[in-house]
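Me: I have just opened this structure and would like a friendly walk through it. Could we take it one question at a time?

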Amino acid sequence: NPYGDPGQNPPPPPAYGQPPAYGAPQYGAPQAGQPAPYGQAPYGQAPYGAPPAGAFGGTLAEWLTRVGGALVDAVPSIILSVIGSASGSTGVSALTGLISLGYWIWNMIRQGRTGQTIGKSAMGTYLVRESDGQYVGGGMSVLRGIVHIVDVIPCFIGYLWPLWDGKKQTFADKIMGTVVVKR
């Protein structure tokens with residue numbers, strides 16, 4: 001009986017640093033003729049169909065392209081702000097502010113699901129996770145939009161950071177692990 005008799009102590013493990021006996025099963029290792037455990041690729045390979053780590057697909061978007069996309073995204077909010085200010089009414093200003101916030105949230109959720117805001121779509125760029133090139137999801141996209149506060153705090157330097165950064169990332173991109181690519 002390879003498992004020993006009930007009531008007897010199991011055989012002692014091999015001494016530290018010594019390989020187990022030939023043919024002895026190793027904890028967690030697939031046995032001969034058995035596939036790797038579910039969700040794990042054999043021999044440290046990336047799972048089938050997954051890009052290798054850090055392969056986000058496409059080329060990194062240039063700074064001016066990113067600025068162009070941000071300007072396109074800002075147009076509705078600028079128009080709503082002008083309407084709210086010109087009305088002279090706090091009610092209209094509040095309403096246009098809420099519409100602008102709703103547009104921003106919708107655009108961020110759209111970006112999380114498709115990789116593109118309206119502006120990124122116009123410029124042909126996508127927001128993806130740096131690690132695997134997948135879209136970040138609606139919640140993470142909204143959070144990334146909020147994290148852009150750190151790009152503003154030191155005199156807007158975070159928005160200029162992609163000009164000299166090797167991965168062309170803002171501070172928010174670095175925190176969230178995202179890149180903007182052109183495909």
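Predicted model: local features only at pLDDT ≥ 70, side-chain atom pairs only at ≥ 80, totals over all residues.

Me: How much of the chain counts as buried?
Reply: To be buried, a residue needs a relative accessible area under 20%. The chain has 183 residues, and the part of them that counts as buried is 26%.

Me: Which helix supplies the largest share of the lining of the largest pocket?
Reply: Let's start with the pocket itself, which has a volume of about 790 Å³. Of its 32 lining residues, the closest to the centre are Ala70, Asp73, Lys120, His148 and Tyr159. Helix 1 (63–87), helix 2 (90–114), helix 4 (138–147), helix 5 (149–152) and helix 6 (157–160) each give at least two residues to the lining. The largest share is ten residues, and they come from helix 1.

Me: How many residues of that lining are charged?
Reply: Sorting the lining of the largest pocket by class gives 16 nonpolar residues and twelve polar ones. The charged residues in this lining number four.

Me: What span does helix 2 reach from its first C-alpha to its last?
Reply: Helix 2 has 25 residues, and at 1.5 Å a residue the expected span is 36 Å. The span in the model is close to that expectation, at 36 Å.

Me: Which elements do the buried residues of helix 2 pack against?
Reply: The buried residues of helix 2 are Thr96, Ser100, Tyr103, Asn107, Met108, Gln111 and Gly112. Their packing partners are helix 1, helix 3 (118–123), strand 2 (125–129) and helix 4.

Me: Which residue just after helix 2 takes a positive phi?
Reply: At the start of this helix, a side-chain oxygen of Ser89 comes within 3.2 Å of the backbone nitrogen of Gly91. Just after helix 2, a positive phi of about 85° belongs to Gly115.

Me: How far apart in space are Gly137 and Gln111, C-alpha to C-alpha?
Reply: Gly137 sits in the loop between strand 2 and helix 4. With 24% relative accessibility, Gly137 counts as partly exposed. Gly137 and Gln111 are 26 residues apart in sequence, while in space their C-alpha atoms are apart by 7.7 Å.

Me: Is Glu130 buried or exposed?
Reply: Glu130 belongs to the loop between strand 2 and helix 4. Its side chain makes polar contacts with the side chains of Lys167, at 2.5 Å, and Gln169, at 3.4 Å. Because the relative accessible area of Glu130 is 17%, Glu130 is buried.

Me: Which residues does Gly58 contact, leaving aside its neighbours within four places in sequence?
Reply: Gly58 is in the segment before strand 1 (59–60), and a relative accessible area of 46% makes Gly58 partly exposed. The C-alpha atoms of Gly58 and Val180 are separated by 9.2 Å, although these residues are 122 apart along the chain. With those sequence neighbours left out, Gly58 is in contact with Lys182 and Arg183.

Methods:
Residues numbered from 1 in each chain as written. Heavy atoms only, no water. 1 Å grid on protein atoms, 1.4 Å probe; cavity = no way out; pocket = protein on both sides within 12 Å on 5 of 7 lines; lining within 4 Å. Points joined across faces, edges and corners; volume = space filled by probe spheres on them. Helix = DSSP H or I, 4+ residues; strand = E, 2+ residues; numbered from the N terminus. Nonpolar A, V, L, I, M, F, W, Y, C, P; charged D, E, K, R; others polar. Expected span 1.5 Å × (residues − 1). Buried < 20%, exposed > 50% of the residue type's maximum accessible area, 1.4 Å probe, protein only. Contact = heavy atoms within 4.5 Å. Polar contact = N/O pair within 3.5 Å; in protein donor to acceptor, adjacent residues only side chain to side chain.
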